[in-house]
Amino acid sequence: MGCKNAGASRIFAVDINEQKFEKAKVFGATDFLNPKAYNKPISEVLAEMTNGGVDFSLECVGNTEVMRTALESCVKGWGVSILVGYTDVDFSARPIQLISGKTWKGTLLGGKPAVS
């Protein structure tokens, strides 16, 4: 809903549970992707669909693999990935993802994203 209200022209819902897609559409999603339906990483699929990657990504499930994929799905130079889901497990990313100009942020309890 926030993406739609902010004027996003395309809003991608990415989930392995396709039953969630109808609800996502109600909240403003325009495109629906199941990562299991592709033979390559979903970040590559998104890069192809958007000519380089998404401007913003939100990770909402607290899964460290999804956190990394959300960052990798962002466009180089200005893409911002925001972690919403919670976990206390360590996770990692390739430094080139941040060196290339992407930003990783987090938010807690719906507050303003903290700068990382």
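## Contacts of Phe 12

Leaving aside residues up to four places away in sequence, Phe 12 touches Asp 31, Leu 33, Leu 46, Met 49, Thr 50 and Val 54, where contact means heavy atoms within 4.5 Å.

This is a predicted model, in which local features need pLDDT of at least 70 and side-chain atom pairs count only at pLDDT 80 or more, while totals for chains, interfaces and linings use all residues. Residues are numbered from 1 along each chain as its sequence is written, and side-chain values use heavy atoms, with hydrogens and water left out.

## Nonpolar cores

Phe 12 also belongs to the largest nonpolar core, whose seven residues are Phe 12, Leu 33, Ile 42, Val 45, Leu 46, Val 54 and Cys 74. Such a core is a set of buried Ala, Val, Leu, Ile, Met, Phe, Trp, Tyr and Cys residues joined through side-chain atoms within 4.5 Å; buried means under 20% relative accessible area, exposed over 50%, and partly exposed in between, computed with a 1.4 Å probe on protein chains only. Helix α3 (residues 42-50) gives the most to this core, contributing three residues; helices (H or I, at least four residues) and strands (E, at least two) are DSSP runs, numbered from the N terminus.

A second, separate core has five residues, among them Ile 11, Ala 13, Phe 21 and Ala 29. In soluble globular proteins, nonpolar side chains tend to be buried together.

The structure holds four salt bridges, each being a side-chain nitrogen of Lys or Arg within 4 Å of a carboxyl oxygen of Asp or Glu. One of them joins the side chains of Arg 10 and Asp 31, at 3.0 Å from N to O. This pair links distant parts of the chain, with Arg 10 in the loop between α1 (2-5) and β1 (12-14) and Asp 31 in strand β2 (residues 31-33), 21 residues apart. Arg 10 counts as partly exposed at 38% relative accessibility, whereas Asp 31, with a relative accessible area of 16%, is buried.

## Two further salt bridges

Glu 48 forms a salt bridge with Lys 40, and their closest N and O atoms are 2.7 Å apart. Glu 48 is exposed, with a relative accessible area of 54%, while Lys 40 counts as partly exposed at 33% relative accessibility.

Another salt bridge brings together the side chains of Glu 72 and Arg 68 (2.8 Å, N to O). Both residues lie in helix α4 (residues 64-72), four residues apart, which is about one turn of the helix. Glu 72 is partly exposed at 22% relative accessibility, and Arg 68 is partly exposed at 27%.
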